[in-house]
Amino acid sequence: MRLKELESSLQDLSGFDEPKITLEQYCTTPHLAARMLYTAHSVYDDIESKVVADFGCGCGILSIASNLLESEFNMALDIDLSALKIAQKNCSNYEVEVDFVLADIKSDSLYQWKNKVDTIVMNPPFGTKTDKGIDMIFLKKALEIATTSVYSLHKSSTREHIKKKAKEWNVDCEIIAEMKFDVPMMYKFHKKKSVDIEVDFFRFSKKESRN
Amino acid sequence: MRLVTHNMLQCHVRGCNVNNYPLQLSEVEIEIQETEFNSQFLRSMIRKLEWSALINSAREIGITTLPEVLPDDFDEDFLRNIHRVLLETHIQQGKMTCPNCNHVYLVRDGIPNMLLNESET
């Protein structure tokens, strides 16, 4: 499947009915989702026949994109049941299978995921509204669990901080692309119709996995 | 939720740190959904799972066809069976009870709920 096909096939997903501001529920756009998964697949071979997990899956777009690129087993986690219900419905419309888990990324319930999940893809909350630092909690957890690599989006303004943390955690990181996240007006505090947020598309990889 | 995912869930009630895995399945409703067979994937996946936990959980949902000890050699029949158990068997409803503290996590419409109340974390 080509990038364009992947992007256009992701257009039919349902978004959030009532997005929750405290959870920063913005749907990842088909453009970003396709770009992320296509790169992970075609450049790094981290998707096909792999166990792929999606942290903070929201309406499930990354898991669906992963499935369309032939990942073998998909798990998706979110703290919000209504988001998971939408994701579940999206998956059944696309006829893809994803195991959903209602869980808090901060909890220890994920301890056994270690060494069983190959790749993690995520668009974590940026932690700018109410839960400062939540993006780094997602990232740290993902890096503890993924055997090979983690693909994630972060605000470009936090780039240096993320690089520093990656070094501290002894993982390689590279910015694959700088992208614009077109966040449509969904909340009252958004004054404009939509706003572009600059984001970095990162790939983090475990140093051991290259040996 | 399939058994692969169940095989990765443990109790996380505060203070419950030993013997908190695997969660015991009961009152389950199962649905079978067929999916493509990929023997190469299964070979690598089996090695990553906790086998003894898996056979216990499978038994709890009425599957008694898994061998007690993981064989060294995986033949086609074994892999086909594993495929059915791991990738095609979906737990739609049920209870998951911690073997240590007896906390109950519910599975509803295929989604396990691992969230706890504030007092439990």
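User: How many residues of chain B are in contact with chain A?

Analyst: Contact means heavy atoms within 4.5 Å, and here 29 residues of chain B are in contact with 29 residues of chain A. This is a predicted model, in which local features need pLDDT of at least 70 and side-chain atom pairs count only at pLDDT 80 or more, while totals for chains, interfaces and linings use all residues. Residues are numbered from 1 along each chain as its sequence is written, chains are lettered from A in the order in which they are written, and side-chain values use heavy atoms, with hydrogens and water left out.

User: What area is buried between chain B and chain A?

Analyst: Buried area is the accessible area (1.4 Å probe) that two parts lose on being put together, summed over both; between chain B and chain A it is about 2400 Å², with carbon and sulfur atoms giving 57%.

User: How many salt bridges does the rule find across this interface?

Analyst: A salt bridge is a side-chain nitrogen of Lys or Arg within 4 Å of a carboxyl oxygen of Asp or Glu, and the rule finds 5 across the interface of chain B and chain A. One salt bridge joins Lys48(B) to Asp118(A), whose closest N and O atoms are 3.3 Å apart.

User: Which residues have the most contacts inside the largest nonpolar core?

Analyst: A nonpolar core is a set of buried (under 20% relative accessible area, 1.4 Å probe, protein chains only) Ala, Val, Leu, Ile, Met, Phe, Trp, Tyr and Cys residues joined through side-chain atoms within 4.5 Å. The largest has 64 residues, and those with the most contacts inside it include Phe55(A), Trp113(A), Leu3(B) and Met96(B). Leaving aside neighbours within four places in sequence, Leu3(B) is in contact with residues including Leu25(B), Leu54(B) and Ile91(B).

Technical notes:
Buried means under 20% relative accessible area, exposed over 50%, partly exposed in between (1.4 Å probe, protein chains only).
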